[in-house]
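I would like to understand how its parts are arranged and which residues meet one another.

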Amino acid sequence: MKISKKTRNDILLFFSLLVIAVIILIAASIGRKEGSYAEIYIDGELYGVYSLNEEMTVDIGDTNRAVIKDGCIYMESAECPDKTCMKRGRISKVGESIVCLPNRVTITIINSKEKGNDVVIG
Amino acid sequence: MKQKTARITLAGLLVCLAFVLSWLESLIPAFIAIPGVKPGFANIVTVFALFKLRTRDAVFITTVRVILAGFAFSGLFASLYALCGGLTALIVMYFAKKLGCFGITGTSILGGVFHNVGQIVLAAFFTETSILLYYMPILFLSGILCGALVGLLSAAAVKRIKLPDYY
């Protein structure tokens, strides 16, 4: 079967855009800055903002416990069956997040204390 | 007169079809997992209209569908985003079609990518840009994949559905 010129162009377009996307993805993950604060949300409402420079343990409600150490934050314990948030490990870069779906707890790394992510694109 | 009535009826049917596709999409929770990533099956109708009807019909159908679906399923702010993305995509697809070197699938891929570009540009006005930058590669990638999927489906529809000459 002979492939028409337009179809060939379509395939070329698809793969070249895919390559560009992968390059951007790699560049973005390398260029990520270390964040300085962690925002903790319960059920979509801000629970607190904590500096990553101070070592501390944060009790989030009655269900989760997060630990800040060496500029990273991680979930130490969680009262849920799947423990996905604990397996997520340490996070420290801007935009990274830990999500505990059963307890509706979210931890997000931000750059500055004033402004967070307040709009979801849909 | 017959021509005009036929056009209006078809546009109404296509808006309806696109609306149903938007609704079906809003029922699937897997796509809500990453905010902003949706396959956009309603765009099949947009691509179909662009290739089969007049450009102004495509603009009309897309605008009406986005506003209807926006108010029914997501809210004012989200429909503003969707409208911005949808019209950016339509403009890019119009020029891609005029250029004539891409097929329907390629045109739709460009549409998918620029749909998300349009939304990012609008979001840049409202939010802190640094967070958007981390979001961008995901949206870019999903634009390519969803655009390709929508394109393949619309190409099949354009090929199979025959309209009378007067459209």
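In this predicted model, the loop that joins β4 (64-69) to β5 (72-78) of chain A contains Asp70(A). The phi angle of Asp70(A) is near 50°, a positive value in a residue that is not glycine. Most residues other than glycine have a negative phi. As for its surroundings, Asp70(A) counts as exposed, because 10 C-beta neighbours lie inside 10 Å, and a residue is called exposed when that number is 12 or fewer.

A positive phi is also found at Arg104(A), where the value is about 55° although the residue is not a glycine. Arg104(A) belongs to the loop between β6 (97-100) and β7 (105-110) of chain A. With 14 other C-beta atoms within 10 Å, Arg104(A) is partly exposed.

Strand β2 (residues 45-51) of chain A holds Leu46(A). Is this residue, Leu46(A), buried or exposed? Leu46(A) is exposed, since 11 other C-beta atoms lie within 10 Å. When neighbours within four places in sequence are left aside, Leu46(A) is in contact with Glu39(A) and Tyr41(A). Between the C-alpha atoms of Leu46(A) and Ile107(A), which stand 61 residues apart along the chain, the separation is 9.8 Å.

Chain B can be taken up next. Chain B has six helices and zero strands, and reading along its sequence gives the pattern α-α-α-α-α-α. Of its 167 residues, 42% count as buried. Among the contacts in chain B with a separation of 6 or more, 71% are accounted for by residues 24 or more positions apart.

The packing of these helices can be followed pair by pair. Two packed helices are described by the angle between their axes and the distance between the axes. For α1(B) and α2(B), the axes come within 8 Å and cross at roughly 150°; angles over 145 degrees count as roughly antiparallel, and α1(B) and α2(B) are therefore roughly antiparallel to each other. On the side of α1(B) the contact is made by Leu14(B), Leu17(B), Ala18(B) and Leu21(B), while α2(B) contributes Ile44(B), Val45(B) and Ala49(B). Sorted by class, the residues of this contact between α1(B) and α2(B) are seven nonpolar, no polar and no charged.

A second pair is formed by helix α3 (residues 55-74) of chain B and helix α4 (residues 76-99) of chain B, whose axes come within 9 Å and cross at roughly 160°. It follows that α3(B) and α4(B) are, therefore, roughly antiparallel to each other, and their crossing is right-handed. The contact involves, among others, Thr55(B), Ala58(B), Val59(B), Thr62(B) and Val66(B) of α3(B), and residues including Ala78(B), Ala82(B), Leu83(B), Gly86(B) and Tyr94(B) of α4(B). By class, the contact of α3(B) with α4(B) has ten nonpolar, seven polar and no charged residues.

In soluble globular proteins, nonpolar side chains tend to be buried together. The largest nonpolar core here has 41 residues, of which Val45(B), Ala49(B), Ile61(B), Ile109(B), Val113(B), Phe140(B) and Ile144(B) touch the most other members. At least two residues of this core are supplied by each of α1 (5-30) of chain A and, from chain B, α1 (2-27), α2 (43-52), α3, α4, α5 (104-126) and α6 (129-160). The largest share, ten residues, comes from α6(B). Apart from this core lies another, of 18 residues, among them Ala38(A), Leu52(A), Cys85(A) and Ile91(A).

Two residues give a more local view. Not counting residues up to four places away in sequence, Phe140(B) touches Ala21(A), Ile24(A), Val113(B) and Asn116(B). The other residue, Gly143(B), has its place in helix α6 of chain B. Gly143(B) is buried, because 27 other C-beta atoms lie within 10 Å, and the threshold for a buried residue is 20 or more. With residues up to four places away in sequence again left out, Gly143(B) touches Gly112(B), Val113(B), His115(B) and Asn116(B). Gly143(B) and Phe102(B), by comparison, are 41 residues apart in sequence and 17 Å apart in space, taken from C-alpha to C-alpha.

Definitions and conventions: Residues numbered from 1 in each chain as written. Chains lettered and ligands numbered in written order. Predicted model: local features only at pLDDT ≥ 70, side-chain atom pairs only at ≥ 80, totals over all residues. Axes fitted to C-alpha atoms, helices over the stretch in contact; angles between N-to-C directions. Helix = DSSP H or I, 4+ residues; strand = E, 2+ residues; numbered from the N terminus. Parallel < 35°, antiparallel > 145°, perpendicular 65-115°, else oblique. Left-handed = near helix turned anticlockwise from the far one by under 90°. Contact = placed C-beta atoms within 7 Å. Nonpolar A, V, L, I, M, F, W, Y, C, P; charged D, E, K, R; others polar. Core = buried A, V, L, I, M, F, W, Y, C linked by C-beta atoms within 7 Å.
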